[in-house]
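Colleague: I am new to this structure and would like to know what stands behind the terms used for it. Could you take me through them?

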Protein chains: 2
Amino acid sequence: MLIECVPNVSEGRRPEAVAAMAETIRAIPGVRLLDHSSDASHNRSVFTFVGDAPAIESAVLALFARAISEIDLRTHKGEHPRLGAVDVVPFIPIEGATMADCVALAKKVGAEVGSRFGVPVYLYEDASSNPLRKNLEDIRRGEFEGLAEKMASPEWTPDFGPASPHPSAGASVIGARMPLIAYNINLATDRLDVAKKIAAAIRQSSGGFRYVKAAGFTLQDRGIVQVSMNLTNYEKTPIYRVFETVKREAERYGVSILESEIVGLVPAAALNAAAEFYLQIGGFKAEQVLENRLRVGK
Amino acid sequence: MLIECVPNVSEGRRPEAVAAMAETIRAIPGVRLLDHSSDASHNRSVFTFVGDAPAIESAVLALFARAISEIDLRTHKGEHPRLGAVDVVPFIPIEGATMADCVALAKKVGAEVGSRFGVPVYLYEDASSNPLRKNLEDIRRGEFEGLAEKMASPEWTPDFGPASPHPSAGASVIGARMPLIAYNINLATDRLDVAKKIAAAIRQSSGGFRYVKAAGFTLQDRGIVQVSMNLTNYEKTPIYRVFETVKREAERYGVSILESEIVGLVPAAALNAAAEFYLQIGGFKAEQVLENRLRVGK
């Protein structure tokens, strides 16, 4: 069973502190740290690691202990909104693990973080059963600075831990979600209005696909525009459907697609679904992928 | 390093003999037997297993010993052409192995089969440096019954082993090739002439793509026709190019594609190439597939 965990931590300017947190994760048996990166202007770091549920739980708890000793939100500045020292902890099903496994893990870890560290925990996305507290942006609105006031409202009683912020570590948002795909489509035009109109057409917030976030940008150095997207559930809103819709909307302005790009990692199933769609492959099964057969029994 | 080996053995009617050969392969440490199947009318069995080069070598030599003791070509009958007890042994690069690794393995195993068992060995496909002896059908022409006469010609001196057939085990063809993809496209018509014309347009033998073998068939039970293909090098003749060509040729007859199907296994890279093509993904790297990252270091 493989679960991915991608915690976001509110420290991106002191490399030695980030390295210590990475080492804390790496030291847990059964955990593989795949990547970590820091953004100084955001003053924030992201760690990516995988393992089974017990190993992931140990790594997250160890990371909390380290981050709480390293980070004080009262003096933290950065461009990115944040609520806590360990700001967000998503668990993501990868292989042999279901969304239900990740939800159960989020609740177990959340309860432990609340009781062991005295940090209030909000569940989010699939781990939250409260429709008003599924969306990360809603939970984080007001940030650390507005947290004490927000938590005074009964609507914002946390799922675990004390009913008021941890003095230096704020609160944490822990949950379960599908793998996120960062996907951009570059258009063969410099017309920013076209990119913005297409972004508006496809994103959920303005009437588009449910699992698409999108914005239009200019790529100054290339003299073209880009529709930049996050696809938050590639099973329910597949890449190919988004691509075909962008292509069709662009045609209406006489614009064609120059290329698309996947930023970072993509699950094999998301690419296989595109191959199945375009090649009209009927009755395809994941077990037909040779590499998947090789991993059976490992 | 993972190499796949898919030996074809001239026994498909005695289940106990086939099971004994499967057990011989399975018993080799480091080898995983993924599949085996037998065809009684062909009187032939195919084994599919993977491992690193030394493990694969041990398994093939053990299979030869077992097959030679079980099979006598002098009394063997079957519909499928065959030259030897262990008729064909292809080595296929899968992961962390190159075609050159597979060619080297074919030569090493070939030399050992020749000297240890007294079975003449012909190298084929990428392992053969003789352009007249690359194609399996050319090497096998005349079959076991015509082998002694064929080998008397200097053109057919084997690459390894004695210059005349093994009395009961004939000769073996050993080589290296790319994974083969069995790929069919069903057309929304019952016109067999259309399927046959399209098959002729795309297969190498009549002027089409170099790594395509194709034929047109009627699927009686469904009242439609099929272009049935073997794609013998998906890197050089990719699936999407074949699909798009079939689609375009069918349009010329007013026919559309109903669906396609992949029979058996397909390498992930072949599907990823289709996703890259249709989604116009620029700068894509295999390391961006999440599952590939998980396997690094395993």
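Modeller: Contact here means heavy atoms within 4.5 Å. By that rule, the contact takes 44 residues from chain A and 44 residues from chain B. Keep in mind that this is a predicted model.

Colleague: How do you know that the same surface serves both copies?

Modeller: Start with how the copies are related. Chain A is superposed on chain B by a rotation of 180° with 0.0 Å of shift along its axis, and the RMSD is 0.2 Å. Of the residues of chain A, Ala275(A) comes closest to that rotation axis, its C-alpha lying at 2.5 Å. As for the surface, 100% of the contact residues of chain A recur in chain B, the same surface serving both copies.

Colleague: What makes the relation of chain A to chain B that of a two-fold axis?

Modeller: Two copies of a chain are related by a rotation about an axis and a shift along it. Here the rotation is 180° and the shift is 0.0 Å, and that is the relation of a two-fold axis.

Colleague: How much area do chain A and chain B bury between them, and which residues of chain A lose the most?

Modeller: About 4000 Å² is buried between chain A and chain B, with 62% of it on carbon and sulfur atoms. On the side of chain A, Leu279(A), Leu290(A) and Leu294(A) lose the most area to chain B, together 17% of what that side buries.

Colleague: How many salt bridges are counted between chain A and chain B?

Modeller: The count between the two chains is 0, while the structure holds 35 salt bridges over all chains.

Colleague: Why is the pair of Lys108(A) and Glu57(A) called a salt bridge?

Modeller: The cut-off is 4 Å between a side-chain nitrogen of Lys or Arg and a carboxyl oxygen of Asp or Glu. In this pair the closest N and O atoms are 2.8 Å apart, so Lys108(A) forms a salt bridge with Glu57(A). Lys108(A) lies in helix α3 of chain A and Glu57(A) in helix α2 of chain A, so the pair ties together parts that are 51 residues apart in sequence.

Colleague: Why is α7(B) called oblique to α8(B)?

Modeller: Helix α7 (residues 239-251) of chain B and helix α8 (residues 268-278) of chain B pack at an angle of about 60°, their axes 8 Å apart. Roughly parallel needs an angle under 35 degrees and roughly perpendicular one of 65 to 115, so α7(B) is oblique to α8(B). Among the residues making the contact are Phe243(B) of α7(B) and Phe277(B) of α8(B). By class, this contact has 8 nonpolar, no polar and 1 charged residues.

Note on methods: Residues numbered from 1 in each chain as written. Chains lettered and ligands numbered in written order. Predicted model: local features only at pLDDT ≥ 70, side-chain atom pairs only at ≥ 80, totals over all residues. Heavy atoms only, no water. Axes fitted to C-alpha atoms, helices over the stretch in contact; angles between N-to-C directions. Helix = DSSP H or I, 4+ residues; strand = E, 2+ residues; numbered from the N terminus. Parallel < 35°, antiparallel > 145°, perpendicular 65-115°, else oblique. Nonpolar A, V, L, I, M, F, W, Y, C, P; charged D, E, K, R; others polar. Least-squares fit on C-alpha atoms with pLDDT ≥ 70 in both. Buried area = accessible area lost by both parts, 1.4 Å probe.
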